[in-house]
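Thanks, everyone; I would like to take a few minutes for one model and what was computed from its atoms. Please have a look at it first, and then I will go through the numbers.

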Amino acid sequence: MTDERLAHAIRRLDRALARVELASQRAAARPDPELARLVRRHERLRERTREAIAAIDRLTGTG
């Protein structure tokens, strides 16, 4: 590959990386309602699991 072609390829890669970085920043700045819903659901399930384990501990006398 000639120096000119190599330099052109590197410039194209730099521009592509800049587009990827910009898209990533935009995606991170925009809240995802589905992800937020899943996080809330996960937290509720964790709390219910803690409560169930605590109840089992009380019933078995280990807690």
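This is a predicted model: local features need pLDDT of at least 70, side-chain atom pairs count only at pLDDT 80 or more; totals for chains, interfaces and linings use all residues.

**Surface and overall shape**

The accessible surface of the protein chain comes to about 6100 Å², and carbon and sulfur atoms account for 58% of it; these areas come from the Shrake-Rupley method with a 1.4 Å probe. Residues are numbered from 1 along each chain as its sequence is written, and side-chain values use heavy atoms, with hydrogens and water left out.

How much of the chain is buried? Of the 63 residues, 0% are buried, where buried means under 20% relative accessible area.

As for shape, the C-alpha atoms fill a box of roughly 75 × 25 × 10 Å along the principal axes. The radius of gyration of the protein chain, taken over C-alpha atoms, is 26 Å, whereas a compact globule of 63 residues would have one near 11 Å; that globule rule is 2.2 Å times the number of residues to the power 0.38.

The secondary structure consists of two helices and zero strands, counted as DSSP runs (H or I of at least four residues for helices, E of at least two for strands). UniProt, in an unreviewed entry, places a "coiled-coil region" at residues 6-55, an annotation that may be inferred rather than shown by experiment. In the model, that span is 94% helix and 0% strand, with its end C-alpha atoms 67 Å apart.

Conventions: Buried means under 20% relative accessible area, exposed over 50%, partly exposed in between (1.4 Å probe, protein chains only).
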